[in-house]
Amino acid sequence: MNKIYFVFSVIILFFPATSVWAVPGIEAVTVTTNSQGGQTYTVTIQILALMTMLTVLPSLLLTMTAFTRIMIVLGLLRQAIGTAQAPSNQVLLGLSLFLTIFIMMPVFDKVNIQAVQPYMEEKIDITTAIEKASEPFRQFMLKQTRETDLELFMKISGREDFETIDDVPFSLLLPAFVTSELKTAFQIGFLIFLPFLVIDLVVASVLMSMGMMMLSPMIISLPFKIMLFVLADGWSLVLEMLAASFYV
């Protein structure tokens, strides 16, 4: 009797499984040519491409937006004041991210109008949408990139035969833009460092004249630097200066 139950159990488990296996699966790749000659892909491939884009989103944030300059300047500001962990890295990252969104909002609006909305309304395909979405970023990056940095990477690549600056590919524009952002960020950081450096020098000179050489000047100067920064409304000035630096 136990053997009969075992045989029936195997039959019940096996036949539904074979019926499921017999059902044809969803095609992974389906390319359709539209009336305009462009090609569209299945939703499966589009979702895969979207997930891939999400993985490279941090790299795009660092290399195509204002995030790098803002984060470096805020980090140098914290070092200039002398507070090791205040504000914390999480606070600086969050502030840099939302300030980046605020600065990049005109670019995002153009991308939404020119690429996202027409694609959602099925007026253009994904390839055309990517091309239209890259154009506002290209204009923003070209405006912030120094000509010397762009010429440097053109010289390194051996491609100096571009008729106009709009012909420069992203492979050359991205490193030139990041290099320019690093230079600008350190220039701003140098200007921020100067008033705090003066306070450190004055405090160190006073301590030396009083013979208090064993006392660290950083302990005495830190409250004065914080007081000066707060009285001058330093956070508002720094954030305003950072936002204005992208639209000068």
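Reader: Why is Asp149 called buried?

Author: In this predicted model, Asp149 has a relative accessibility of 2%. Buried means under 20%, so Asp149 counts as buried.

Reader: And what makes the pairing of Asp149 and Lys183 a salt bridge?

Author: The N to O distance between their side chains is 2.7 Å. The cut-off is a Lys or Arg side-chain nitrogen within 4 Å of an Asp or Glu carboxyl oxygen, so this pair qualifies. The two partners sit in separate helices: Asp149 in H7 (residues 147-157) and Lys183 in H8, 34 residues apart.

Reader: What else does the Asp149 side chain do?

Author: The Asp149 side chain makes a polar contact with the side chain of Ser180 at 2.6 Å; the limit for such a pair of N or O atoms is within 3.5 Å. Setting aside residues up to four places away in sequence, Asp149 touches Ala176, Thr179, Ser180 and Lys183.

Reader: How many salt bridges does a search of the whole structure find?

Author: Three. Another of them joins the side chains of Glu181 and Arg69, at 2.6 Å from N to O.

Reader: How do you know whether Glu181 and Arg69 are buried or exposed?

Author: Same test as before, under 20% for buried. Glu181 has a relative accessible area of 1%, so Glu181 is buried. Arg69 comes in at 2%, so Arg69 is buried too.

Reader: What makes Asp200 and Lys225 a salt bridge?

Author: Their closest N and O atoms are 3.3 Å apart, and the requirement is within 4 Å, so the label holds. Asp200 lies in H8 and Lys225 in H9 (residues 217-231), so the pair ties together parts that are 25 residues apart in sequence. Both Asp200 and Lys225 are buried.

Reader: Let's turn to H4 and H9. Why is H4 called oblique to H9?

Author: H4 and H9 pack at about 130°, with axes 9 Å apart. That makes H4 oblique to H9, because roughly perpendicular covers 65 to 115 degrees and roughly antiparallel needs over 145.

Reader: One more residue, then. How do you know that Ser96 counts as buried?

Author: Ser96 sits in helix H5 (residues 89-120). Its relative accessibility is 0%, so Ser96 counts as buried, the limit being under 20%.

Reader: What is Ser96 in contact with, leaving aside neighbours within four places in sequence?

Author: Ser96 is in contact with Phe67, Ile70, Met71 and Leu74. Contact here means heavy atoms within 4.5 Å.

Reader: Where does the Ser96 side chain reach?

Author: The side chain of Ser96 reaches the backbone oxygen of Leu92, at 2.7 Å. The polar-contact limit is within 3.5 Å, so that distance meets it. As for Leu239, Ser96 is 143 residues away from Leu239 in sequence and 9.6 Å away in space, C-alpha to C-alpha.

Note on methods: Residues numbered from 1 in each chain as written. Predicted model: local features only at pLDDT ≥ 70, side-chain atom pairs only at ≥ 80, totals over all residues. Heavy atoms only, no water. Buried < 20%, exposed > 50% of the residue type's maximum accessible area, 1.4 Å probe, protein only. Helix = DSSP H or I, 4+ residues; strand = E, 2+ residues; numbered from the N terminus. Axes fitted to C-alpha atoms, helices over the stretch in contact; angles between N-to-C directions. Parallel < 35°, antiparallel > 145°, perpendicular 65-115°, else oblique. Polar contact = N/O pair within 3.5 Å; in protein donor to acceptor, adjacent residues only side chain to side chain.
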